[in-house]
Amino acid sequence: MGFQGTLHNAFAAIGLTPVGPSEWREILKHLNSDPAQRLHQCVYLTALAANKLRQAEGTGHGRPQDAKLSNHDARMAAEVAALTSGAMLDRL
C-alpha cells in the first residue's frame, strides 16, 4: 500500500477528504518533477484552497455572522496561512 495508500486510508478514516490514486496521478502531471519544487507548488495550492475557504466562510474577515466552519477547518486554514507566510519569509 505504501505511504500514499496509508495516508489515504487514514484521511478517510477520520473524515478528511483524500485524493484518490488516479486523481493524484493526474495532479502529478501538472507539477514539477523535482520533489522540493513540487512541495513548493503544493504549499501554493494549499494556500489558494485555504484562501477560497476563508473567503467563502468569512474566517478572519470580521463578518458579523458566525462562519459555518468547524473549529478544525478554521484552525487548519489559519495554520496553512502561517505555513505559507513562514515559507515565504524564510526565503527573504
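Colleague: What makes Leu7 count as partly exposed, and where is Leu7 found?

Modeller: Leu7 is found in helix α1, residues 2-13, a helix being a DSSP run of H or I with at least four residues, numbered from the N terminus. Its relative accessibility is 37%; buried means under 20%, exposed over 50%, and partly exposed in between, with a 1.4 Å probe and protein chains only. Leu7 therefore counts as partly exposed. This is a predicted model, in which local features need pLDDT of at least 70, side-chain atom pairs count only at pLDDT 80 or more, and totals for chains, interfaces and linings use all residues. Residues are numbered from 1 along each chain as its sequence is written, and side-chain values use heavy atoms, leaving out hydrogens and water.

Colleague: Why is Thr84 called buried?

Modeller: Thr84, in helix α4 (residues 71-90), has 16% relative accessibility and therefore counts as buried. Thr84 touches Val43 and Ala47, residues up to four places away in sequence not being counted; contact means heavy atoms within 4.5 Å.

Colleague: Why is Ala49 called partly exposed?

Modeller: Ala49 has a relative accessible area of 49%, so the residue is partly exposed. Ala49 lies in helix α3, residues 35-57. Between Ala49 and Ala77 there are 8.6 Å in space, C-alpha to C-alpha, and they are 28 residues apart in sequence.

Technical notes:
Helices (H or I, at least four residues) and strands (E, at least two) are DSSP runs, numbered from the N terminus.
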